[in-house]
Amino acid sequence: MPKVTQQHMDARREQILDAARRCFLRDGFHSTSMQDLFAEAQMSAGAVYRHFTSKDEMILAIAEENMRDVLDITLAVATNRQGQSMGAFMAELLDVIRVKSAEEDVAGLAVLVWGEAMRNRSLAQKLDHLMGRMRANLVTLVRDHQENGSLPANVTAEAIASTMLSVLPGYILQVALLDPAVVAEVPDAVRALWPGPAGDA
């Protein structure tokens with residue numbers, strides 16, 4: 001029997017998650033059965049269970065994938081100290097969310113995941129962990145901007161980071177529910193609200 005490559009396994013896993021996204025967006029988490037997922041993925045029960053033992057595991061995987069790009073950006077900027085303004089940084093995050101939502105409706109999936117997290121403790125804990133990582137990266141950035149004078153120093157970096165992080169869910173909710181034109185200028189608005197010090201690009 002030929003050996004199954006990691007590339008093949010990864011492709012199968014993504015095929016299942018793509019099917020799960022379609023089912024969850026169409027019918028919701030609770031109305032989607034495992035049988036629905038097997039049919040949507042066009043795979044046998046055994047093939048699906050080889051990758052995921054339950055719907056909850058799929059929901060967790062989707063939540064992690066939804067946040068991966070945003071986490072990658074916060075980590076890259078926090079690590080490299082690229083010197084961009086907080087507004088430019090936030091606008092970059094919002095642009096990622098907009099593009100990913102147009103491609104995969106990550107905003108709609110995020111709203112579903114938030115609702116599920118209210119009743120699913122393991123999912124809530126996972127989201128708390130992911131948000132904690134993002135908040136820690138933002139705190140690092142905020143402290144840098146406090147030192148260069150572009151953000152106030154009379155408020156804690158943790159409080160400012162949490163405030164900026166609060167922008168993301170509101171933006172995601174509007175992307176999920178409203179006409180895209182309603183939020184088209186939001187990235188420009190956050191650039192204006194949180195510019196860098198005078199003389200910065």
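## The whole chain

Start with a cartoon view. Read along the sequence, the pattern is α-α-α-α-α-α-α-α-α. That comes to nine helices and zero strands. This is a predicted model, so colour it by pLDDT before going further. The chain mean is 87, and 93% of the residues reach 70 or more. Among the elements, α2 has the highest mean pLDDT, 96. Helix α4 (residues 55-80) has the lowest, 80. Where pLDDT is low, the predicted coordinates should not be read in detail.

Now show the C-alpha atoms alone. They fill a box of roughly 65 × 40 × 30 Å along the principal axes. Of the 201 residues in the chain, 39% are buried. Take the contacts with a separation of 6 or more: 67% of them join residues 24 or more positions apart.

## Stop 1: the nonpolar core

Select Phe24, Met58, Met86, Phe89, Met90 and Leu168. These residues touch the most other members of the largest nonpolar core, which has 57 residues. α1 (6-27), α2, α3, α4, α5, α6 (106-117), α7 (121-147) and α8 (157-177) each supply at least two residues. Which helix gives the most to this core? It is α4, with nine residues.

Zoom in on Met90, in helix α5 (residues 86-104). Is Met90 buried or exposed? Its relative accessibility is 0%, so Met90 counts as buried. Show what Met90 touches beyond four places in sequence: Met164, Val167, Leu168, Val190 and Trp194. Pick Val190 from that set and draw a C-alpha to C-alpha distance. Met90 and Val190 are 100 residues apart in sequence, yet 6.8 Å apart in space.

Move to Met86. Leaving out residues up to four places away, Met86 touches Leu138, Leu141, Val142, His145, Leu151, Met164 and Trp194.

## Stop 2: the aromatic pairs

How many aromatic pairs does the structure hold? There are two. Select Phe24 and Phe29 for one of them. Their ring centres are 4.6 Å apart and their planes stand at 75 degrees, so the pair is edge-to-face. Check the surroundings of each ring. Phe24 has 0% relative accessibility and counts as buried. Phe29 is buried as well, at 6%.

Now select Phe38 and Tyr49. Here the ring centres lie 5.6 Å apart with the planes at 75 degrees, so this pair is also edge-to-face. The pair links distant parts of the chain: Phe38 is in helix α2 (residues 34-41) and Tyr49 in helix α3 (residues 45-49), 11 residues apart. Phe38 counts as buried at 12% relative accessibility, whereas Tyr49 is partly exposed at 38%.

## Stop 3: the largest pocket

Switch to a surface view and look for the largest pocket. Its volume is about 460 Å³. The lining has 21 residues. Select Met67, Trp114, Leu127, Met131 and Ile172, which lie nearest the pocket centre. Which elements give two or more residues to the lining? They are α4, α6, α7 and α8.

## Stop 4: Asn66

Stay with helix α4 and select Asn66. At 15% relative accessibility, Asn66 counts as buried, the cut-off being under 20%. Show its partners beyond four places in sequence: Val106, Leu109 and Ala110.

## Stop 5

Most residues other than glycine have a negative phi. Two residues to check here are Gln42 and Asp105, which have positive values.

Select Gln42, in the loop between α2 and α3. Its phi is near 55 degrees. Gln42 counts as exposed, at 72% relative accessibility.

Finish at Asp105, in the loop between α5 and α6. Phi of Asp105 is near 55 degrees. Asp105 is partly exposed, with a relative accessible area of 31%.

Terms used: Residues numbered from 1 in each chain as written. Predicted model: local features only at pLDDT ≥ 70, side-chain atom pairs only at ≥ 80, totals over all residues. Heavy atoms only, no water. Phe/Tyr/Trp six-rings, centres within 6.5 Å; stacked < 30°, edge-to-face > 60°. Buried < 20%, exposed > 50% of the residue type's maximum accessible area, 1.4 Å probe, protein only. Helix = DSSP H or I, 4+ residues; strand = E, 2+ residues; numbered from the N terminus. pLDDT = per-residue confidence, 0-100. Contact = heavy atoms within 4.5 Å. Core = buried A, V, L, I, M, F, W, Y, C linked by side-chain atoms within 4.5 Å. 1 Å grid on protein atoms, 1.4 Å probe; cavity = no way out; pocket = protein on both sides within 12 Å on 5 of 7 lines; lining within 4 Å. Points joined across faces, edges and corners; volume = space filled by probe spheres on them.
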